[in-house]
Amino acid sequence: MYAYMAILGVFVFVYSVLAGRIESTPISGPIIYTIFGLGLSIFATDLEPLAPTGETIKTLAELSLALVLFTDAATADLAVLRRSFRIPQRLLLYGLPLTILLGFLAAIPLFPGLGFLEAAILATMLAPTDAALGKAVVTNDDVPDTIRDGLNLESGLNDGICVPILFVFLAMIADEQARNSVFGLALQLVLEEIGIGVAVGVGLAVLSSHIIRYCSKHGFITETWRQLPVVALSISCFALAQLFGGSGFIAAFVGGLVFGGVTKEHKHHLLLAAEGSGDTMALITWVFFGYAIIGHDGLSFTWPMFVYAILSLTVIRMAPVFLVLSGLNLSPHAKLFMGWFGPRGLASVVFAVLILDGKLPHGQTIVLTAILTICLSILTHGLTAVPLSRAFGREGDSASG
């Protein structure tokens with residue numbers, strides 16, 4: 001264990017001092033983290049193998065995603081969001097269901113052994129986009145604010161929306177009687193997940209903002225402890241919503257939006273530590289993903305999995321986005337850009353662990369397809385984020401000129 005701790009510590013140190021240089025290249029952080037984890041599993045054969053459980057990876061992924069969602073939402077420009085709300089509104093209300101439907105239709109012929117519900121589960125697992133993997137785009141000033149905030153809001157909410165949908169399909173497989181009341185079950189779960197998540201996020205964010213403002217005014221918060229409130233708040237939003245039966249991801253994102261809007265004058269210094277903590281936890285999650293999941297000896301991918309993974313990252317995502325954004329004042333290149341940057345990551349990792357623990361008849365096929373899609377997403381979206389963002393920004397500048 002100490003050997004692994006030493007190796008990971010050196011890796012984190014080296015990456016952190018070179019991060020500014022690395023982030024200006026097409027090689028993204030998650031690519032490096034995942035390859036590092038994979039390299040550990042291949043070359044560190046003299047060390048006793050680590051055995052991180054699925055629950056460990058799931059918890060790490062959930063907390064990393066909660067921190068990233070909270071901080072990204074808190075830094076969002078609410079004025080821009082109000083002006084461009086139709087973009088994420090269409091992506092979530094129409095684009096997300098169409099993506100799941102198209103993913104379902106693609107899975108049926110490619111995986112004839114899957115039942116209809118298992119095909120629907122696979123499509124739902126790979127429908128949400130990842131705020132962490134998309135950070136290189138949503139924080140890039142070359143990309144117009146409306147596009148960046150639209151993608152940010154979409155990725156912040158779609159994973160929370162997909163959770164109850166996934167649970168409905170799992171419940172229908174586990175209980176034949178649930179199929180007779182599928183609409184009622186789906187409506188109940190969606191309302192509970194979203195309603196409780198929003199209520200917890202708003203309530204905690206408003207209360208915490210007032211407490212922070214009062215304590216800052218009276219000098220109660222020292223420089224040392226200023227690093228922790230937002231980290232604790234984001235985790236509290238996530239955990240409390242999950243405890244009450246809501247979506248912790250929606251609670252974290254909505255809580256971040258409200259917190260950022262209420263604590264404008266304090267949020268920059270408060271958010272710095274939370275952003276660093278989220279990035280660090282995401283780093284460790286991707287290292288574990290490379291080490292324990294991609295580096296697992298039993299992985300065996302088939303050509304239908306490769307075809308589905310490629311379709312998932314292209315047609316299944318891009319066609320619905322292009323369609324639902326029709327009629328808005330967006331160029332075809334902008335629609336294609338938004339369709340392409342729908343990376344799959346931490347949310348799909350969480351869903352994959354859930355499916356792995358659920359022991360579905362064809363669970364291995366579903367999980368392997370999801371893993372392959374995530375790997376291709378890490379690679380392709382990571383390599384294209386910086387150059388395509390710059391190219392898109394230049395195109396916008398020339399159009400405005």
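1. Leu91, Leu92, Gly95, Leu96, Thr99, Ala127, Glu154, Asn158, Arg317 and Val321 line the second largest cavity, where a cavity is a set of points on a 1 Å grid over the protein atoms alone at which a 1.4 Å probe fits but cannot get out, and lining residues have an atom within 4 Å of a point. Two or more residues of this lining come from each of α5 (86-110), α8 and α14 (315-324), with α5 giving the most, 5 residues. By class the lining has 5 nonpolar, 3 polar and 2 charged residues, with Asp, Glu, Lys and Arg counted as charged, Ala, Val, Leu, Ile, Met, Phe, Trp, Tyr, Cys and Pro as nonpolar, and the others, Gly among them, as polar. The volume of the second largest cavity is about 60 Å³, a volume being the space filled by probe spheres set on the points, which are joined across faces, edges and corners.

2. This is a predicted model, in which local features need pLDDT of at least 70 and side-chain atom pairs count only at pLDDT 80 or more, while totals for chains, interfaces and linings use all residues. Residues are numbered from 1 along each chain as its sequence is written, and side-chain values use heavy atoms, with hydrogens and water left out.

3. The mean pLDDT (the predictor's confidence in each residue, from 0 to 100) is 84 for the chain, with 91% of residues reaching 70 or more. Over residues 397-401 pLDDT stays under 50, and the model has 0 contacts there beyond four places in sequence, contact meaning heavy atoms within 4.5 Å.

4. Of the 13 residues lining the largest cavity, Asp130, Gly134, Val138, Leu151 and Ser155 are the closest to its centre. Two or more lining residues come from each of α7 (135-138) and α8 (145-174), helices being DSSP runs of H or I with at least four residues, numbered from the N terminus.

5. Helix α3 (residues 54-74) and helix α10 (residues 229-243) have axes that come within 9 Å and cross at roughly 115°; axes are lines fitted to C-alpha atoms over the stretch in contact, with angles running from 0 to 180 degrees between N-to-C directions. By class, the contact of α3 with α10 has 10 nonpolar, 1 polar and 1 charged residues.

Conventions: On a 1 Å grid over the protein atoms alone, a cavity is a set of points where a 1.4 Å probe fits but cannot get out, and a pocket is an open set with protein on both sides within 12 Å along at least five of seven lines; lining residues have an atom within 4 Å of a point.
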